Amino acid sequence: MVTVALSPSAPVIDRRIYGQFAEHLGRGIYEGLWVGADSDIANKNGIRRDVIAALRDIKVPVVRWPGGCFADEYHWMKGIGAPDERQAMVNTHWGGVVEPNEFGTHEYFELLDQLDAEAYICGNVGSGAVAEMADWVEYMTLDAGSPMAELRRRHGREQPWRVPFFGVGNENWGCGGNMLPLHYANLYRQFQTYVRNYGDNRITKVAGGANAGDYEWTEVLMARAAGHMDGLSLHYYTLPTGDFGVKGAALGFGEAEWYATIDHARHMDTLLTRHGEVMDKHDPGRRVGLYVDEWGTWYDAAEGTNPGFLWQQNTMRDAMVAALHFHIFHKHAARVRMANIAQMVNVLQAMLLTDGPRMIKTPTYFAFQLYTDHHDAQLLELGGAEELPAHTDLTASRAGDGSDDVTVSAVNYDLERTAVVEVTLPGRVRELVRADILAADRFDAHNTFEAPDAVGISAFEGADVAGDRLTLTLPPHSIVTVRSRLA
Ligand code: AHR
């Protein structure tokens with residue numbers, strides 16, 4: 001029996017834990033989001049309407065852009081102005097294709113407007129200059145009277161935008177400059193000095209963080225630069241094999257690969273614990289947030305696709321990986337303030353896949369949809385979690401919308417056994433306001449353009465209530481969310 005209890009010290013689950021990442025990579029931006037105003041594909045100001053409608057339903061809180069590795073090669077000035085003023089470049093990291101820079105700063109903020117999401121810009125440290133980064137911040141956030149503000153106005157935008165989050169470089173231990181930690185710590189201190197707050201815009205500055213278990217990186221950054229940052233990032237991808245050389249396939253996997261992938265996903269808990277311990281040493285008050293601004297599954301390139309485009313199918317296994325990450329992020333919510341799945345459309349563990357005018361929702365999309373009730377909700381403490389049946393996991397929160405409803409989400413990642421989970425809630429249940437399940441006959445079930453509705457959310461019939469007791473009967477490889485209104 002698991003007990004779900006209110007605790008005054010439990011943190012709020014920041015909705016930004018459900019953030020997204022959209023890089024100039026493959027068909028993530030072009031086709032996935034941006035089709036241009038003249039396209040036959042229905043769009044508003046160049047951004048496709050079907051994609052926006054779908055993403056609004058999962059309440060995307062924040063979008064990290066423009067990379068990724070692309071960010072440290074991006075020169076923002078090439079992506080502003082009239083279409084014939086945009087300067088193309090070669091996207092050397094991702095397939096060596098020509099990047100037309102049709103989608104730039106203005107188009108990004110148009111996307112955010114349509115999504116009602118916040119900005120999280122990643123600046124160029126690896127191949128950029130301090131002045132270039134400073135100018136970009138000025139262009140975006142200074143109202144008037146400066147060269148950059150006037151340039152923005154000339155390009156049609158009077159009001160400054162809001163930039164609440166700014167990342168100073170990406171993976172600077174790798175594609176972002178191959179730096180050693182102390183070198184980056186120094187550069188971080190220098191670059192961030194010129195990331196200014198203009199008017200009432202207040203920027204949360206995020207330093208480029210470690211790759212997976214590189215605790216030394218976190219140690220050096222915290223020891224040398226913690227006082228200059230508000231957040232430190234962390235990147236960790238889930239691979240079936242754990243080996244970037246031969247990662248494993250997105251489809252056609254067996255039971256062993258299912259469990260191996262789940263084990264690798266659950267490793268995120270260890271990473272957050274250990275990076276958190278290093279951060280606690282230097283920042284016991286937990287002022288600096290941990291920003292897991294890239295996470296998700298990464299498989300071998302699908303046959304017949306450009307390996308530099310990172311396109312992959314998405315099955316119930318991906319949905320399970322996503323749900324387990326949500327539980328882990330909730331558990332570490334006192335330190336983890338944002339997470340951004342890689343990536344939003346057509347790249348890696350995507351929410352949506354497009355094929356020209358067609359669009360499908362992936363199982364991962366539905367996992368995000370199942371967890372929207374946890375956005376900005378108060379985390380509830382679990383007592384007796386060690387008594388949960390094998391291969392199950394659970395998270396619970398009290399709604400942040402003033403209703404006091406309690407939402408429990410649970411997963412059963414066993415491939416054979418149905419699991420029964422009993423939960424004692426902090427009060428008698430008056431009514432079940434939501435009981436939804438994401439499940440499928442097969443553990444590798446997925447949607448295709450030919451069968452777009454093979455996997456989706458349906459009503460969950462396995463929730464029983466007696467007083468303050470909620471009993472969940474979870475089929476194999478299923479994810480459920482039950483929201484209860486207490487008396
Ligand atoms: O998400 C794909 C790539 O993975 C990003 O560009 C990079 O930051 C990471 O290595």
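Before the structure itself, one term: buried means under 20% relative accessible area, exposed means over 50%, and partly exposed is in between, with a 1.4 Å probe and protein chains only. This is a predicted model, where local features need pLDDT of at least 70 and side-chain atom pairs count only at pLDDT 80 or more, while totals for chains, interfaces and linings use all residues. Residues are numbered from 1 along each chain as its sequence is written, and side-chain values use heavy atoms, with hydrogens and water left out.

One more convention, on element names. Helices (H or I, at least four residues) and strands (E, at least two) are DSSP runs, numbered from the N terminus.

I will begin with L348. This residue is in the loop between β13 and β14, and its phi is near 50°, a positive value in a residue other than glycine. Is L348 buried or exposed? L348 counts as buried, because its relative accessibility is 1%.

The loop between β13 (336–342) and β14 (352–355) also holds Q343. P66 sits in the loop between β5 (62–65) and β6 (89–91).

Now the ligand. Which residues come nearest to it? Of the 13 residues around the ligand, the nearest are E23, C69, E171, Y237 and E294. Being near here means that one heavy atom of the residue lies within 4 Å of the molecule. By class, that shell has 7 nonpolar, 3 polar and 3 charged residues. For the classes, Ala, Val, Leu, Ile, Met, Phe, Trp, Tyr, Cys and Pro count as nonpolar, Asp, Glu, Lys and Arg as charged, and the others, Gly among them, as polar.

Next, the polar contacts. A polar contact is a pair of N or O atoms within 3.5 Å; within protein, one must be able to donate a hydrogen and the other to accept it, and residues adjacent in sequence count only if both atoms are side-chain atoms. E23 places a polar side-chain atom 2.7 Å from an oxygen atom of the ligand. With C69 the backbone is involved: one of its N or O atoms lies 2.8 Å from a ligand oxygen. Y237 has a side-chain N or O atom 2.7 Å from an oxygen atom of the ligand. How much of the ligand does the protein bury? Taken alone, the ligand exposes 280 Å², and the protein buries 94% of that. Those areas come from the Shrake-Rupley method with a 1.4 Å probe; for residues, only the protein chains shown count as cover.

The space taken by the ligand is the second largest pocket. A pocket, on a 1 Å grid over the protein atoms alone, is an open set of points with protein on both sides within 12 Å along at least five of seven lines.

On to N314, in the loop between β12 (289–297) and α8 (316–331). What does the side chain of N314 reach? The backbone oxygen of A350 is at 3.2 Å from it. The N314 side chain also makes a polar contact of 2.9 Å with the side chain of T364. N314 counts as buried because its relative accessibility is 1%.

Helix α8 itself contains F326, which is buried, with a relative accessible area of 0%. F326 and T395 are 69 residues apart in sequence, and their C-alpha atoms are 8.6 Å apart in space.

The other helix to look at is α2, residues 105–115. Why is α2 described as largely enclosed by the rest of the structure? Because 9 of its 11 residues are buried. Among the buried ones are H106, Y108, F109, L111 and L112. D116 follows α2 and has a positive phi, near 60°.

D40 lies in the loop between β2 and β3 and counts as exposed, at 83% relative accessibility. Its C-alpha atom is 9.8 Å from that of G356, 316 residues away along the chain. E31 is in the loop between β2 (19–21) and β3 (43–44), and has a positive phi near 85°, in a residue other than glycine. Y194, in the loop between α5 (181–193) and β10 (204–211), is partly exposed, with a relative accessible area of 35%. The C-alpha atoms of Y194 and L232, 38 residues apart along the chain, are separated by 18 Å.

Conventions: 1 Å grid on protein atoms, 1.4 Å probe; cavity = no way out; pocket = protein on both sides within 12 Å on 5 of 7 lines; lining within 4 Å. Sits in = over half its atoms within 2 Å of the grid points.
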